[in-house]
Amino acid sequence: LKTNYVNMNLLSTVPNKTEAIYSLICDCKYQEVIEILSSELEGVHRQSRALLSLIAYCYYHLQDFEAAANHYEKLTKYYGYVEEYRVYYVQSLWK
């Protein structure tokens, strides 16, 4: 699976993964970010706040509000003390 900026298989060779992901987000390449980060969610990173938050954000901007709500729901479950996630969850459900 190839992207315009990074290849998911090559992400491990990118010196600054965070910069690469945020560059894709700045370029509105939300689907590519979802594909890359979703593979990272498997296993030990299943509850990663950063991964879940970025994926939810990307789904929201793709107007896939059901998928965004699903990820924001997980964030409210794991990190309920972060009020913003509850707000984003409700916004996604409302849309």
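**Entry 1: Thr76**

I started with the contacts of Thr76: leaving aside neighbours within four places in sequence, Thr76 is in contact with Tyr85, Arg86 and Tyr89. Contact here means heavy atoms within 4.5 Å. I note that this is a predicted model, where local features need pLDDT of at least 70, side-chain atom pairs count only at pLDDT 80 or more, and totals for chains, interfaces and linings use all residues. Residues are numbered from 1 along each chain as its sequence is written, and side-chain values use heavy atoms, with hydrogens and water left out.

Thr76 sits in helix H4, residues 65-78. Helices are DSSP runs (H or I, at least four residues), numbered from the N terminus. I found Thr76 buried, at 19% relative accessibility. Buried means under 20% relative accessible area and exposed over 50%, with a 1.4 Å probe and protein chains only. A polar atom of the Thr76 side chain lies 2.7 Å from the backbone oxygen of Glu73.

**Entry 2: cysteines**

Next I checked for disulfides, pairs of cysteine sulfur atoms within 2.5 Å. The count is zero. Cys26 is in no disulfide; its nearest cysteine sulfur, that of Cys28, is 8.2 Å away. That distance is too far for a bond. I found Cys26 exposed, with a relative accessible area of 65%. Cys28 is exposed too, at 52% relative accessibility.

**Entry 3: Ile25**

Last, I looked up Ile25. Not counting residues up to four places away in sequence, Ile25 touches Tyr30, Val33, Leu54, Tyr57 and Cys58.

Key. Helices (H or I, at least four residues) and strands (E, at least two) are DSSP runs, numbered from the N terminus. A polar contact is a pair of N or O atoms within 3.5 Å; within protein, one must be able to donate a hydrogen and the other to accept it, and residues adjacent in sequence count only if both atoms are side-chain atoms.
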